[in-house]
Amino acid sequence: QVQLVESGGGLVQAGGSLRLSCAASGTTFSINAMRWYRQAPGKQRELVAAISRGGSTNYPDSVKGRFTISRDNAKNTVYLEMNSLKPDDTAVYSCNAAAYTNIGYYVGDYWGQGTQVTVSS
């Protein structure tokens, strides 16, 4: 089992910045890919950033250049630095982690509870 706990959401004005954190705990599994998703009311869930265990990153065009994902493998923690925030970035942000055994078998994907980010105009 893997528990993911997010923090860092809140209310910010357009153009401002926020930093989200997501810490994985309660597991002996290896956490490989970690991702941030967001979902706004009435919209589908959207991947906003992904990072491999080795540090390779991926972003959709909607956030590229504004959001930066990073991780601390020793702490099993992933971060999302969000700059130049827009009202369209308002959503619940959730982190996701893919867990594997120490010999490389996929265990499953786990989710945090989500944290609200609200960007006012």
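Asn76 is tucked away in this predicted model: with a relative accessible area of 17%, Asn76 counts as buried (buried means under 20%, exposed over 50% and partly exposed in between, using a 1.4 Å probe and protein chains only). Asn76 sits in the loop between strand E7 (67–72) and strand E8 (77–82); strands are DSSP runs of at least two residues labelled E, numbered from the N terminus. Although Asn76 is not a glycine, its phi is positive, at about 50°.

Ser84 tells a related story. Its phi is near 50°, again a positive value in a residue other than glycine. Ser84 belongs to the loop between E8 and strand E9 (91–100), and is partly exposed, with a relative accessible area of 41%.

Then there's Glu6, found in strand E1 (residues 3–7). Glu6 is buried yet lacks a salt bridge (a side-chain nitrogen of Lys or Arg within 4 Å of a carboxyl oxygen of Asp or Glu). The nearest side chain of opposite charge, Arg45, is 9.8 Å away. Instead, the Glu6 side chain reaches the backbone nitrogen of Gln113 at 3.0 Å and the backbone nitrogen of Gly114 at 2.7 Å. Leaving out residues up to four places away in sequence, Glu6 touches a set of residues including Cys22, Trp36, Tyr93 and Cys95, where contact means heavy atoms within 4.5 Å.

Residues are numbered from 1 along each chain as its sequence is written. As the model is predicted, local features need pLDDT of at least 70 and side-chain atom pairs count only at pLDDT 80 or more, while totals for chains, interfaces and linings use all residues, and side-chain values use heavy atoms, leaving out hydrogens and water.

Conventions
Helices (H or I, at least four residues) and strands (E, at least two) are DSSP runs, numbered from the N terminus. Lys and Arg count as positive and Asp and Glu as negative; His and the chain ends are not counted. A polar contact is a pair of N or O atoms within 3.5 Å; within protein, one must be able to donate a hydrogen and the other to accept it, and residues adjacent in sequence count only if both atoms are side-chain atoms.
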